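Here are my notes on the model you sent over. Have it open while you read.

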Amino acid sequence: MAYIALDKASIELAIYNSRGRALKSEILRRTVGGGLQDDRDRSVQVVKALSEVSFQARDGERIGLVGGNGAGKTTMLRLLSRVYPPTSGRVTIDGRISSLIDLSMGMDSDASGYENIEMRGIMLGLDRKAARALIPDIEAFSELGDFLSLPIRTYSSGMMLRLAFAVSTAVHPDILILDEIIGVGDAAFAEKAKKRLQAMVEKASILFLASHDDSTIRSFCTRTLWMKAGRLMMDGEPDKVLAAYAADAV
């Protein structure tokens, strides 16, 4: 059974050599969420990206994340994806995770498509044999043909997205993490991608979906977390949480 528990989980990120660069500091703050903290070393700024967040998620839950830019949603998704460890508090995650917040993470531009399939599969928790077993499915879905034998630095951006999406969605996870609903490639491929993603959502035990679109949250989610300045403001039914979030924005 898939299970997630956060107990007063916090993340602080140190940003070096940004003191006195007002525009850069603001961009960095908005990117990771939370607020800037003073540090004894004046060449360092510390971003409190998440602050003592606690909740539990169990099998069958479809959880939406809402909040303004810089609220901490992406940091939360990276924590749940095991990209960021907590700097304090405790995080417990049971189950295989597939995170679609950074499709190209772990891919090597000098390696071939086939080599990247294997490496990305291993990053998703498979052994080498299981990762290689993904190749026929990814070949068929990506429609990249002989390009899979070439270094991916030779790919167009659309080809890269096809490969990254095909690899990232080839494994059916217990826990699926999405940052918005992904649109990939031309119309025909986008329709294929939509159906593949829908199948993943249906099979996943737990879904986390961050979105700025209320209708997406209502369509996919049974529960919603509202984030603001790195803090969890409200946890409940989508309609109630979305109403509170909208009222706060007025």
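The points below go from the whole chain to a few local spots.

1. First, the ground rules. This is a predicted model, where local features need pLDDT of at least 70, side-chain atom pairs count only at pLDDT 80 or more, and totals for chains, interfaces and linings use all residues. Numbering starts from 1 along each chain as its sequence is written, and side-chain values use heavy atoms, with hydrogens and water left out.

2. Overall make-up: the chain has nine helices and ten strands, taken as DSSP runs numbered from the N terminus (helices H or I, at least four residues; strands E, at least two). Of its 250 residues, 45% count as buried, meaning under 20% relative accessible area, with exposed over 50% and partly exposed in between (1.4 Å probe, protein chains only). Contacts are heavy atoms within 4.5 Å; of those between residues at least 6 apart in sequence, 70% join residues at least 24 apart.

3. On to α3 (113-123). Its buried residues are Gly-113, Asn-116, Ile-117, Glu-118, Arg-120 and Gly-121, and they pack against β6, α4 (128-132), α5 (135-142) and α6 (157-168). After α3 comes Gly-125, with a positive phi near 105°.

4. Now the largest pocket, which holds about 250 Å³ of space. A pocket here is an open set of points on a 1 Å grid over the protein atoms alone, where a 1.4 Å probe fits, with protein on both sides within 12 Å along at least five of seven lines; lining residues have an atom within 4 Å of a point. The volume is the space filled by probe spheres set on the points, which are joined across faces, edges and corners. β6 (97-99) and α3 are the elements giving two or more residues to the lining. Arg-96, Ile-97, Ser-99, Arg-120 and Met-123 are among the lining residues, and Gly-125 is there too.

5. Have a look at Glu-61, in the loop between β3 (44-58) and β4 (62-66). A polar atom of the Glu-61 side chain lies 2.8 Å from the backbone nitrogen of Arg-58. Leaving out residues up to four places away in sequence, Glu-61 touches Gln-56, Ser-205, Ile-206, Leu-207, Thr-222 and Arg-223.

6. Last, is Asp-239 buried or partly exposed? Partly exposed: its relative accessible area is 49%. Asp-239 sits in helix α9 (residues 238-249), and its C-alpha is 9.2 Å from that of Ile-217, 22 residues apart along the chain.

Conventions:
A polar contact is a pair of N or O atoms within 3.5 Å; within protein, one must be able to donate a hydrogen and the other to accept it, and residues adjacent in sequence count only if both atoms are side-chain atoms.
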